[in-house]
Amino acid sequence: MRNDLAQQGFSLFFLSLWVLFIEMGMAQNTTILVNVGVVLDFDTSFGKMGLSCIPMALSDFYASHGNYKTRLVLKTRDSRRDVVGAAAAALDLIQNEEVQAIIGPGSSMQANFLVGLGEKAQVPIISFSASSPSLSSLRSQYFIRATLNDSAQVPAIIAIFQAFEWREAVFIYVDNEYGDGIIPYMTDALQGIDVRVTYRSVISPSATDDQIGEELYKLMTMQTRVFIVHMVTPLGSRFFTKADEIGMMEEGYVWILTDGLTDLLSTLDPLVIDSMQGVLGIKPHVPRTKELENFRVRWKRKFQQDHPKDETSELNIFGLWAYDAASALAMAVEKVGATNLSFQKTNISSNSTDLDTIGVSQIGPKLLQSLLSTKFKGLSGDFQIFDGQLHPTAFQIVNVIGKGERGIGFWTPKNGIIRRLKFTNANSNTYSTSKDNLGAIVWPGEPTYFPKGWVLPVNEKKLKIGVPVKDGFSEFVKVTWDPNTNATKVAGYCIDVFDAVMGSLPYAVPYEYIPFGTPDGKPAGNYNDLLYQVFLKKYDAVVGDTTIVANRSNYVDFTLPYTESGVSMIVPIKDNKSKSAWIFLKPLTWGLWVTSACFFVFIGFVIWVLEHRINEDFRGPPSHQAGTIFWFSFSTMVFAQKERIVSNLARFVMIIWFFVVLILTQSYTASLTSMLTVQQLQPTVTDIKELRAKGEYVGYQQGSFVLGFLKRMNFDESKFRIYNSSEELAELLSKGSANGGIAAAFDEIPYMKLFIAQHCSKYTMVQPTYKYDGFGFAFPRGSPLVQDVSRAVLNVTEGDEMVKIEKEWFGKKTSCSDDNGSSISSNNISLDSFWGLFLIAGVTSSLALIIGIAMFLHKHRVGVMGEDSVSTKIKTLATRFDQKDLSSHTFRIPDQPYSGSTEPMAAVGASPSVTNCSPRPSTFSNQTINDISLSGEQGTFSSEHGGVIVPAVELVDLNQERTNIPPTSH
């Protein structure tokens, strides 16, 4: 019984196993296996990391996507650190395993060979570490870079250069496909911000420590101290160990690492890290997530289990990209689904090679498109392929401090350098390259300031400064030789300015002056020859009265100018003793003369209108009145008018007019006095065209660029004469063009001002001034000193030091006023100087005239309101305007109180007739009585004009105090 039960149990167990195997077989039949190749270097830490991350990625992926019908089967091959080995491994995978995609290889050199195989077989090659930009030039659509292109980090490095304003750089890179690929991108970007790559140091991957040291010693002798290092381990480790050993990790040095080394800092030996203190590095930013931290723990445990004999390694960005690449491939294969996984074989001939027998994948094109459209959030961040490669979102800037690295900031394509990513405004479009956005940086040698990026070469003690040798104008540069010691002494204005500028730099720059002359003390060439010596590297700089000219900038770089700029003409001046008979008209322009005359007449007319009816001085026959208008207006010019003004409106006009006349006469007097006394010196020539037309001789200073200027101005070269000193210039000008001298000289303003200061009574500068940039110091093109010296020039020229230097060299040479131009130029006074006064006078006069006419029309409005014609009304108004206004206080009888009435008291004859009465005894005569017709019945009299009856008028004679005229009849 017990045996039966045992048999039944075993039968049930085997039945269950049989059912389980059937179910497993059915499940296996529904899963599509897709072969995928992996080509890596098995014996490198990099290859071991990839071989552990890729299977973990597939395990995690299918654990979370158990319903997927496809499964990737990894077929691994060892590339054995060899380009040919990688190509052979890929060929074997395609031919024998018929893999639908290949993950790898590890290096850019190996990928360069695999790209062609993938293109031919239409098998996607997915590399998570081949970052050389040169691979992009192959333009293979089947090469997918699941990593960043090395050129993507170039803008971040450029931003660091802009932040610290470094002007030179040395590029150090490994001599292989990885190192060469970034060169053109980095060089072009640096040149785009005016940073000069002074040297490229190429180091072989197999270089010995002695060879590395030899190259470092060469770099040490150069002045550039900013180095960009583009290489990977283990070469990078040995390089920095040697650099620290020979003293190139001290104060003043700047080291910037590309991501190839920065990403692997965590894997370097602690001794190597100690030798890299103060180094800056760039690496892609990987956001910290829980999934990433969990994976790091799991990966470290698995790596130690798989490689117990290896030292503990750290997971880096390349391992994360390998993980994401495998996940992306699994997603892409699932999207393609169960299609034809076979290879189409090509026709094979007897002479075919292995490459000719490569088949073509049937799902290759679909798989490629599926990969390019795959997008997800991986361990390294957002994963999406653009143009066959990943694109950066942000780079982290790190500083090697202590036992590792410390983040000091970030760079993003949109915002530039920023301190923290989480505080970045997503809507901000401000791109910043400010160093203030970076955290505290510990530089090599731990200085308290950031390095300036260059130093004086250690193999040269002093800068060799070339100075010109010249005979004249020694105030600017003077070279003297000691015959006993054969030593030279250099002095002058330019030398003192340069000494002051170099002394104001925040660092010491030793230099020595070397005259550009022959052994016998003569000039060795002109200024262009001297500057060309800098281009030939015979001099490190040129100091002197060297003018900044465009064509010279092709060979040297100039600092900012430290003197005035421009070229001017200097000519003799003559005493204008023959005065013109019409000089009294010259102080004022014709426009001002005409305007003044018109206003004199206009003001006289306005006063006549306002005074005619109430002032006896403005009455009389027409010719008398016209004469009064002109006499009164023009007599105000010297305030000699005798006519009194009784109208308040006229008085107001005269107040304004007196002020205008006062200003006008005083200005006229001052200008005429200046013409008769001060303006006695006139330039003999005022225009370049006049010199050319007359064929006059002109002079220029020997060795000066002014010769080219005169040629461009179309002067005849046979009319040129050279001078070397101010004494020779004075002699040539005094002789004149006809006597072996010159009519004018052309030179730069500093020389002209010095010459005029010594001979201000004989010569003068004539406009125009032709624009040039003045004197500047010359340095080799791209010299980092130019920027610092230019800043120092600004500091010196804006301070008191420049005033002291100028006073020392030019102050005691001045024998007359600096304002020499005022004694030879006097412009006529124009209407522009007085139009405001005339405007005020015109407005006030016109306003007074309008008010006076309006008052007259209002008073006599009753007389013109009838049915008469317009001409009759005008005649009536004219007649009444010509009559006296007896209601005015000026015609009131002294003993009769003023009634304030506006009605006339008597009929008054027109101004052509003799007046009936007058407030002034001097205007009365016996003829007055004969002209009056008396009527006695009503005690009234009437004039010959009749129509108006007035009471008896008491008339005053000259010889009687009062005469009473009783009313009588005819």
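**Exercise 1.** Which backbone oxygen does the side chain of Arg71 reach?

*Solution.* A word on the model first: it is predicted, so local features need pLDDT of at least 70 and side-chain atom pairs count only at pLDDT 80 or more, while totals for chains, interfaces and linings use all residues. Residues are numbered from 1 along each chain as its sequence is written, and side-chain values use heavy atoms, with hydrogens and water left out.

Step 1: list what Arg71 touches (heavy atoms within 4.5 Å). Leaving out residues up to four places away in sequence, that gives Thr31, Ile32, Leu33, Val34, Tyr62, His65 and Gly66.
Step 2: pick the oxygen. The Arg71 side chain gets to the backbone oxygen of Gly66, at 3.3 Å.

**Exercise 2.** Work out which strands stand at the edges of the open sheet of 8 strands.

*Solution.* Step 1: write down the order, S7-S6-S8-S9-S10-S16-S17-S18, with mixed pairing; strands pair if DSSP finds at least two bridges between them.
Step 1: look at the ends. S7 (196-203) and S18 (416-418) each have a single partner strand, so one side of each lacks a neighbour in the sheet.
Step 2: check a pair inside the order. S10 (residues 280-284) and S16 (residues 395-401) run antiparallel, joined by 5 bridges, and Leu280 has Asn399 as its bridge partner in S16.

Notes: Contact = heavy atoms within 4.5 Å. Polar contact = N/O pair within 3.5 Å; in protein donor to acceptor, adjacent residues only side chain to side chain. Helix = DSSP H or I, 4+ residues; strand = E, 2+ residues; numbered from the N terminus.
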